[in-house]
Amino acid sequence: MPTIRPSSDLRNKYNEISDFCHKYDEPVYITKNGKGDLAVMSIETYEKLVGKFELYKLLDEGMEAAKENKVRSFRDALDDIQKEFTK
């Protein structure tokens, strides 16, 4: 169940919200005038989330390349890597 707090808690209970975000690795939803306004999370949780999006983007690009036959064999790629290290 999501944690929902009023915007006044950002000012009055910042440390409590910060501790929660670091302890549970999940966002706290902040409301303004009773409606959803922000999601607050730790930098670590944010970086994990962004990393997942970047990975999904790369996987999607790979799947598109495979559909368009713009790929090469694993062996060819590995040979190129080994050549780089033996220069």
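**Notebook: serine 42 and its chain**

I began with serine 42, which touches Cys21, His22 and Asp25 when residues up to four places away in sequence are left aside; contact here means heavy atoms within 4.5 Å. The model is predicted, with local features needing pLDDT of at least 70 and side-chain atom pairs counting only at pLDDT 80 or more, while totals for chains, interfaces and linings use all residues. Residues are numbered from 1 along each chain as its sequence is written, and side-chain values use heavy atoms, without hydrogens and water.

I then located serine 42 in the loop between strand E3 (35-40) and helix H3 (43-67). Helices (H or I, at least four residues) and strands (E, at least two) are DSSP runs, numbered from the N terminus.

Is serine 42 buried or exposed? I found that serine 42 counts as buried because its relative accessibility is 4%; buried means under 20% relative accessible area, exposed over 50%, and partly exposed in between (1.4 Å probe, protein chains only). In the chain, 15% of the 87 residues count as buried.

Next I turned to the whole chain. I noted four helices and three strands, in the order β-α-α-β-β-α-α along the sequence. The chain is more spread out than a compact globule, because its radius of gyration is 22 Å, well over the 12 Å that the globule rule gives for 87 residues. That radius is taken over C-alpha atoms, and the rule is 2.2 Å times the number of residues to the power 0.38. I recorded a C-alpha trace spanning about 60 × 30 × 20 Å along its principal axes.
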